[in-house]
Amino acid sequence: MERFNVFTNPICVQHARARLRLMPTLSWGLITLTCVAFIYVLIYFLLIKRGEVSPVDAAKAAVVPLIVVQGVLLMGMGTSAVATGIARERDRELLDYHRMSPMTPAAKIVGYLFGLPSREYFLFALTLPFVAYAVLRGGVPLLKVAHFYVAFFSSVWLYHMTGLMAGMVSRKPWHSSFVSLGSVVVLYLVLPLFARVGLSFFDFLTVRPTFYGMVYEEIQSAGQRPNIPSRIMLAQQYETVPFYGLSLNPTAFSLVVQVFVLTAMYHVVRRKWVDAAWHPFSKRFSLFFVFGVVTLLVGSIWPLLFDTQVHDELVDRMQWAGDTVILSLLIGLFFVVSGLAVLMTISLTTPTAQTSRKGLRRARKRGLDRIPLSWDAATSVPTMLVVLLIAVVGYVVVLLAIQSGPVYEIKAGMERWLVALGVLSVLVVVAFQGMHERFGQRPVILGLFVFWVMPVMVGIIMFAAFDAWRPAMYIGALCPAVAGAMSLALLLDASAGQVVDGSYLLRGSPVEDHARMVVAVTIVLYAGLAVIAQGLRYSASCKRKRLERDTADLAERVTPRREASHQPGPPPQVAG
């Protein structure tokens, strides 16, 4: 456990001394104390003097803004300090120096994780007396406070690891700060939107569920009638977490989700510590990552298909959508989340041509006939097949749950569109892997913009400006998201019933036949593209192996000649 002792960690001590210098620390401490005291005194005495609440309830009301200040200090400023500091260290080539030190990678990561935000931890400590007084004055149970701060620090370390990973990957310090703060914004503003439509595990990457669970219990114990219905609805939503057939504690589930993401980030940072040229994900860990994402995804959808109460709560939150719309939305979200996880995994494990050549030389030096599948230089085709199998199994489990659950059923006419979504997704992944391994990451990203984004833009312009919806649909067929949306619309009509105002979405309109054709054209297009991409990948791989083999054979033939030319000849003959 010596590697986790931050007080004796030389990296942690070095950065703590640098960031806790006297004058900057005093300046930031004075600003923090002033702001926290102002917030607490304003809320506490303002509520008491107005006579709205008792001193006990006023102290409870002051706890929330103090927690917000603590979150800004550690989650915002602390994450930015970690990302900027590690990027600056890498820019000064100090990371190469630390790589040669005898410390373990875990000890180095812990040193940076707690040393770089040391000033923010000090500022956080300055807020604790105010929080302690508010908690004791308000009569909030200390066990609930400790319960909350377990999830709070878990979220803090998750965000700090995000900043550390951004700093290790980004090229410039300001890039890493921007990426880390953007990640915090995404975690708190974007991902909770997925939680509102049924994928609850996204919301547990934050401290919100534990916080509202604590608020709900406190309101119930105080016997008060709340004035903010939306906040109470959130508190009731996070009281327990339905996951598969279980009802879990929100803090326990938060720790499970955050530890999973923290493990993935730690894996990336550790590999970059060992060798900056290594892939962010290893082949084996990528399988674990996709399996974890699919497990969380299916576990969040499962209660919506078997528990009518959980399903009714989702319907109440989404008042604009009916049952059939929610079913199509859940299936679409499954493909979006699992597809992004699979594509990201393939992108992080696919070798470049240079990496493959180095792997071939290394394998030849070791006397191996081929590159082992676990090496970074090995092709990502086996990894792609396994992660696709995991995603397909998850999809089949969801379909079986739909069919056997009491909420929905797979009606006649839905099967073809469910199969079409699965087949199209598999073909897109196969084509993506082949193109990525053959041409590299940057050309593939540019190709995705040209063949996925630009056709959609052109189609929107043709439809909006010229009312040419038929050409717009077929031009948009280059983007698989368009065919996926068409499949979901046709699935909605097949499941349907009817949607809003008693009208079908596509059935009976001129768009219906063309929508079916768009789905068929896109599947045929990506089937051909998948075959071409894998053919190009295989051809380039064979050419690379043949070139390396010829180069090695030539080197072996030339080496003996050079050795023979440098051998001493017979002694010269002396005349007479």
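Among contacts in this chain between residues at least 6 apart in sequence, 78% join residues at least 24 apart. Please keep in mind that this is a predicted model. The chain has 576 residues, and 46% of them are buried. As for secondary structure, there are 21 helices and 2 strands.

I will take a few helices and a few single residues in turn.

Start with helix H3, residues 55–91.

H5 covers residues 105–115 and H7 covers residues 142–169. Their axes are 10 Å apart, and the packing angle is about 110°. Angles of 65 to 115 degrees count as roughly perpendicular, so that is how H5 and H7 stand to each other. Which residues meet there? From H5 we have Ile109, Tyr112, Leu113 and Phe114, and from H7 we have Trp157, His160, Met161 and Leu164. Sorted by class, the contact of H5 with H7 has 7 nonpolar residues, 1 polar residue and no charged ones.

Two of those residues come up again with Tyr266. Tyr266 is in helix H11, residues 250–274. Leaving aside neighbours within four places in sequence, Tyr266 is in contact with Ala106, Ile109 and Met161. Take Met161: in sequence it is 105 residues from Tyr266, yet the two C-alpha atoms are 7.1 Å apart in space.

Now compare a residue in helix H12, which runs over residues 283–306. The residue is Ser300. Its relative accessible area is 3%, so Ser300 is buried. What does Ser300 touch, if we do not count residues up to four places away in sequence? The list is Gly198, Leu199, Ser200, Phe201 and Phe243.

Last, helix H18, residues 441–466. H18 has 26 residues and reaches 36 Å from its first C-alpha to its last, close to the 38 Å expected at 1.5 Å a residue. Where does H18 bend? The bend is at Met454, it is about 30°, and a proline, Pro455, follows within four residues. Pro455 is also one of the buried residues of H18, together with Val444, Gly447 and Gly459. What covers these buried residues includes helix H17, residues 415–439, and helix H19.

Between H18 and H19 there is a loop, and Asp467 lies in it. Asp467 has a positive phi of about 55°, although it is not a glycine. This residue comes just after H18. Asp467 has a relative accessible area of 53%, so it is exposed; the cut-off for exposed is over 50%.

Note on methods: Residues are numbered from 1 along each chain as its sequence is written. This is a predicted model: local features need pLDDT of at least 70, side-chain atom pairs count only at pLDDT 80 or more; totals for chains, interfaces and linings use all residues. Side-chain values use heavy atoms; hydrogens and water are left out. The expected span of a helix is 1.5 Å times one less than its number of residues. Contact means heavy atoms within 4.5 Å. Axes are lines fitted to C-alpha atoms, for helices over the stretch in contact, and angles run from 0 to 180 degrees between N-to-C directions. Angles under 35 degrees count as roughly parallel, over 145 as roughly antiparallel, 65 to 115 as roughly perpendicular and the rest as oblique. Ala, Val, Leu, Ile, Met, Phe, Trp, Tyr, Cys and Pro count as nonpolar, Asp, Glu, Lys and Arg as charged, and the others, Gly among them, as polar. Buried means under 20% relative accessible area, exposed over 50%, partly exposed in between (1.4 Å probe, protein chains only). The bend at a residue is the angle between axes fitted to the seven residues ending there and the seven starting there.
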